[in-house]
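Open the model in your viewer and keep the sequence panel beside it.

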Amino acid sequence: MSSKRCTPMGVSSGVKRVKTVGAALPHDSAHLHVTGRASYTDDLPEPRNLLHVAVGMSTIAHANVSGIDTSKVRAASGVIDVCLASDIPGVNNYGPIIKDDPIFATDLVQYIGQPIFAVAASTVDAARKAARLADIEYEELDAILDPLTAVEKESFVLPSETLVRGDPDAALAAAPHRTSRRVYVGGQDQFYLEGHIAMAIHEEDNRLLVYSSTQHPDEVQMLVAHATGRSANDVTVICRRMGGAFGGKESQAALIACIAALAADKTGCPCKLRLDRDDDMIMTGKRHDFVMDYDVGFDDTGLILGIDFELASRCGMSADLSGPVNDRAMFSVDNAYFLENVRILSHRCKTNTVSNTAFRGFGGPQGMFAIEYAIEDIARMLGKDPLEIRRRNFYGKDDRNITQYLQPVEDNVIDEIFDQLLASSDYEARRNAVGEFNANSTILKKGIAITPVKFGISFTNTLLNQAGALVHVYKDGTVQLNHGGTEMGQGLYIKVAQVVAEVFQIDIDRIRITAADTSKVPNASATAASSGADMNGMAARNAAAKIRTRLTEFAAQHFAVAEAEIEFVNNRIQCGNEDLSFTELVQLAWANRVQLSATGFYKTPKINYDRETFSGRPFFYFAYGAAVTEVVVDILTGENRTLRVDILHDCGDSLNPAIDLGQVEGGYIQGVGWLTSEELCWNDRGALSTHAPSTYKIPTCSDLAPDFRVQLMQSNPNPEDSIYRSKAVGEPPLMLALSAFHAIRDALATDACPMPDLRAPATPESVLNAIRAAADE
C-alpha cells in the first residue's frame, strides 16, 4: 500500500482541527427519542415463551408473617408459577452495602409494599391480577412512621454520626446574637418516565443474560449472581439507555432484576418484570426527607461564629444507601460558607416505610437547605438583605477556606459568580421593585432570593472513583466505543464520544456508541455522584490515546519520519510530507498487524478520606453556581408562580454546552418541584397515598418561569486536571432551586413576622400554614 503525496508538513499547520470537545452537539439519541425509535428495555424483542412477572406486596407496615397461602394465585388464569423466599437458591438480599434488604420477606414485613412473592404468568394482566389473590396472615406490630418518632425510640438503620470542628459550644455561648429553629424538608419521588424493569433470559451452560434499566450494571450482575447461586462470569447485564433514573435506579434496580432472574430460573422460561407506576412508587425508595434543628450564633455583621446542627432523616426499613447519603448531607451543611465552629449530629432513622435511596444531589440538597434557612434567619433578625449575609460568610480564597471535613477550598469562584449574576439579573433594582409592589398589593405578594451552590464532585467512598472503557477501531476507519457509564438521558454517551473523536481528530458520526455491558467493561461503578463524564471520559480518552500512540509509532516507522512530525487533524494524518486519511492509515496499520483495540482505565487522583474521622479530601474539586428567582404568592390561596429565573453556573470548559445547559435547566426545575409541589404523604397506617400523577405533582411546562435565563460561566477552566478541564453538571444545578423556596418565604415575610415558618415543599397548604402560624404569633 502507498499513500498519495501531499503538502509539506510546514504548510499544513493552517488545516482546521476537528473540534468536537466543547461543541454544542445534540444528544446522540435525540433523533430516536423524537421519532419514538429509541429502544428501552420494554421495547426489546421478546423471546419465545416469555413470561411476565408481578409482585405480591405487604399490605401492613410492620408485622410478623404467620402464613402465606398462594393457592389462589397458582390457580388463577394464565399463572405458570410462584416464587417465594424459599425458592431462592442463593442469598435472599439485594442490599448494596449492608445485607438487610431481603428480596422476598419471610417471617417479617417492614413496610407497605414490601415484596413477599412473585408470580409468573403468560400475560402482564394475568400476573398482576393474580398477585393480589394471596392469603397472607399477619400479626401486626407497632409501626414507626416518621423520623422524629424514630429518634425518640432510638430506631436507627445505622449508628448516628457526629462531626465537630472548632468549639461550637463556646462560640454559641459568646455570640452577640443567637437563633434556633426546626426545619422540615420533604422527600421526592424520582418519577422517571420509564419505570423499573428487567428481563432475564437463559443462555447456554447455565448462563444468564439480564436486560436491566439500571445505573449500576455491575452491582446488578453481582446481586443477581448471589441470589441465583451463580458466579459473576455467568451473568451478563446490559443497559443501552434508561428513560430517566435520577438515582432511583442506582441500587434498587437490583431488586427488580433479581426477581426476574429468580422467576426465570424457577420456570425455565425468560421472564420480564415491569412495575406499573403505582407499584413502582409504593415499592421503591425516594429522596430522604429530613427534620433538622439548628442553633446559630452570629455577630452584628451577620458573620456566623458557631452553629450546631442535628439532622434526622427517614431512611426507611433498611440501610440501602442511607449511610453515604447522610454523610453527604453532613458534608453539605456548609454549602458555600465557612463554618469555623460547627457540630453536626446525624441520625439515620429506621422507619416502617420504604427504604429511601439515592436521588440527584444525594443528601447534599437537604444539608444545604438547613444552612440557607439559617442564613435567611440571620439576615431577617438583623434587618439586612440576605445577600449581604451570604457574602459575609462565603469561603475565602487565601484564608477561611477549610471545610468542616478539613478539605481546602482551592477553586473558589463563588464571589465572581455572584458579581456577574447580580449585574446580569439586575438584582438590586428588582429587589426594590418587589418592595414597592408589596407595599401596594394586599393579596398578591412578590419575593426574590439569590442563593449559591458549592458541590463536591466525586464518590465519597474513594474506591468507587474508577472507570474503564473499551475502544475498537475497524478497518474502515469507524470506531466503536464502550465504557462502564450508563445513559439515562443526561447526555453522557455523546460527551464521551466527543472525547474519543477529539483524540482521533475524526467526525463524531464515525463513532458508534454501544450499550453498557458487564461482559465488555467489568467492575464499573454506578453512573452517579455527577462523575460519569469525568471518569468514563478519562477512561475512554486513555483507551483512544493508546490506539493513537500505536498509529503514530507505526506511521513514523513506515514513513521514516519522527513521531513529532505525525499530526492527526481533521480526519487526516500528516506524516512529514505525506498526507493520508484516517481510514487509509488504519487500513495500512491493520495490514501491518498493528493492534487497533484498547482498554482504558482511570482513577480519580488526589482524593483521600478517613471515614472514621470525617476528614480528608473526599472531593476532587467543587462545582459552583448561583440563581436568582422571583415569585408571586397569593396569600389567600397559598398558590405561587415563578416569574423570572436567572442562573449562572460553573461547568469549567464545558464538553458540550448544549447538553450542560439542558442539565442546568432540568436540574433547577426538578429542584423547584422538590421544594414547592412534590409532596409525599403517608397515612396513619404507613401507606403512601401519593403514588400516581393524580396526587403527586411534578412540575409541568406551564410551571416554567416565563422569563428563564441560564448562562454557563465563561473562561473558567477547571483548575484540576479533569477531562478537558470541564466540570460535572449532573447534580449541582438542582440545588439552585433553593432560591425559589426562599423567594416564596421572602414573599411571606412581614414586619410583624419577618421569619415565617415555611416547610418544604411549599405547597399551597404549607404556605397557608405558615401564614396562619405567623398570624397566631
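Select Asn64 and Leu108 to begin: Asn64 stands opposite Leu108 in strand E4. Strands (E, at least two residues) and helices (H or I, at least four) are DSSP runs, numbered from the N terminus. Two strands count as paired if DSSP finds at least two bridges between them. The model is predicted, so local features need pLDDT of at least 70 and side-chain atom pairs count only at pLDDT 80 or more, while totals for chains, interfaces and linings use all residues. Residues are numbered from 1 along each chain as its sequence is written, and side-chain values use heavy atoms, with hydrogens and water left out.

E2 and E6 pair in the antiparallel sense over 6 bridges. Within this pairing, Ile68 stands opposite Ile136 of E6.

Next, go to Leu406, in the loop between helix H11 (386-393) and helix H12 (414-425). Its phi is near 70°, a positive value in a residue other than glycine. Most residues other than glycine have a negative phi, and most peptide bonds are trans.

Take the two hairpins in turn. E21 and E22 are joined by 4 bridges, and Val569 has Arg572 in E22 as its bridge partner. There are 2 residues between these strands, and Asn570 in this hairpin takes a positive phi near 50°. E22 (residues 572-575) is likewise joined to E23 by 4 bridges, with Cys575 opposite Glu578 of E23. In this hairpin, too, 2 residues lie between the strands, and Gly576 in the turn has a positive phi of about 60°.

Select residues 657-676 for helix H17. Its 20 residues reach 28 Å from first C-alpha to last, close to the 28 Å expected at 1.5 Å a residue; the expected span is 1.5 Å times one less than the number of residues. At the start of H17, a side-chain oxygen of Asn656 comes to within 3.1 Å of the backbone nitrogen of Ala658.

What is the angle between the axes of H17 and H18? They cross at roughly 40° and come within 8 Å. H17 is therefore oblique to H18 (angles under 35 degrees count as roughly parallel, over 145 as roughly antiparallel, 65 to 115 as roughly perpendicular and the rest as oblique). Tyr668, Val672, Leu675 and Thr676 of H17 make the contact with Leu738, Ser739, Ala740, Phe741 and Ile744 of H18, contact meaning heavy atoms within 4.5 Å.

Finish at Pro761, in the loop between H18 and helix H19 (764-776). The peptide bond from Ala760 to Pro761 is cis, with omega near 10°.

Key: Polar contact = N/O pair within 3.5 Å; in protein donor to acceptor, adjacent residues only side chain to side chain. Axes fitted to C-alpha atoms, helices over the stretch in contact; angles between N-to-C directions.
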